[in-house]
Amino acid sequence: MFDTNTISRFNTLETPFYYYDLGLLYQTLNACITAADKYGFHVHYAMKANFNPKVLAAVQSVGFGADCVSGNEVSAAIANGFDKSKIVFAGVGKSDREINTALDADIFCFNVESIQELNIINELAKAKNKVARVAIRINPNVDAHTHHFITTGLDENKFGINGWQLNEVADTLRKCANLQFVGIHFHIGSQITDLEVYKSLCVRINEMQDWFEDHGFQVKVLNTGGGLGVDYHNPDQNPVPDFEGYFKVFKDFLHIKSGQEVHFELGRALVAQSASLISRVLYVKNGQKKNFLILDAGMTELIRPMLYQAYMKIENLTREFENESQISNLKSQILKYDVVGPICESTDCFQKDVELPESFRGDLIAVRTAGAYGEVMASRYNLRDGIQSVYSD
Ligand SMILES: *Cc1c(COP(=O)(O)O)cnc(C)c1O
């Protein structure tokens, strides 16, 4: 929901742009830290969700660590003030250069996704006379009950090491003198809204930590990954995810041993609701079968709907604003539109059959809950301008 001052401000600005509500961002970050602190849990922010410098500054200031998936993210985390001892590095395809970057930075831990990678990190650490801390990313074969495009924890996914390879992992760890095993890591998918999924994950984590302890390894860190979802349908009713309920599942269902640390890697849940993509209607095309709203933003600014078939709420801010200031019987009629972008691709459609007040050229359109996997995925395809950001302060 935008107040009238904010909409008046939007009217003076060139579109499209991402609008960040920094008040809501801080409220969300603080809610998460408070809920995690209650149980002594550690949270690393999954930087890939949004590495806008203002967002990173906010996340860092509240005390989160950083979960990185590239060498450049490791470097950016350090440049943005994140504590090196709170940086973890995951990813199925870490290059030698990226591993060396992380070794030079003495990050807390590599989340390792294959046996071959263990051997390579060992070699590169040896060449630098260092010992790399590693956690084993295990693919727990737990269904995240989310869209199959963003499921990562099933046997058929490319991520992590499968259960049947654990003996070989143990042998490798024993013979690699430049690796220090610190724990086990999991990440089963994204936009997970069913907390039962996390109960199943806890059961698997407990089995896995028992396996490692039975084989003579001390498991200091249980890293449960991220994936907590947000309410894309009701951003105004549910602006802050239920962090308390989320952490409580792990408190209740994980067998946490004394001296053990429980780590989380949240991305989307921390930043998604705090931004919207603001654009204008360029053209209205009334067809025989369809009405199209053609926006000045498209898949080059926000690709989630096109890439993952993701639902994001679309609002006509200009007409809502008018409706509010009019007597109710003057409200504009509701029509159905396919809301599309200007890019030369048929997939460049935000959503089909959206019910909106009758819309006109120049109307401001908001795509809500765009703070995660939005700005960071913007591209210059069609030689577009590149995306701008505007902040509530
Ligand atoms: C992307 C990712 C996350 C964060 O996922 P969200 O759904 O944004 O919470 C956490 N851990 C790893 C390893 C990831 O790749």
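Are F247 and F264 buried or exposed? Both residues are buried, where buried means under 20% relative accessible area, exposed over 50% and partly exposed in between, for a 1.4 Å probe and protein chains only. The model is predicted, so local features need pLDDT of at least 70 and side-chain atom pairs pLDDT 80 or more, while totals for chains, interfaces and linings use all residues. Residues are numbered from 1 along each chain as its sequence is written, and side-chain values use heavy atoms, without hydrogens and water.

A search of the whole structure finds 20 aromatic pairs; rings of Phe, Tyr and Trp (its six-membered ring) pair if their centres lie within 6.5 Å, with planes under 30 degrees apart counted as stacked, over 60 as edge-to-face and the rest as tilted. Y20 and Y391 form a stacked pair, at 5.6 Å centre to centre and 20° between the planes. Y20 belongs to strand β1 (residues 17-20) and Y391 to strand β17 (residues 388-391), so this pair ties together parts 371 residues apart in sequence; strands (E, at least two residues) and helices (H or I, at least four) are DSSP runs numbered from the N terminus. Y20 is buried at 1% relative accessibility, and Y391 is buried at 17%.

The rings of F247 and F264 have centres 4.8 Å apart and planes at 80°, so they form an edge-to-face pair. F247 lies in helix α9 (residues 243-253) and F264 in strand β10 (residues 261-266). Ring pairs also link F247 and F264 into a cluster with Y39, F41, Y198, Y246 and F250.
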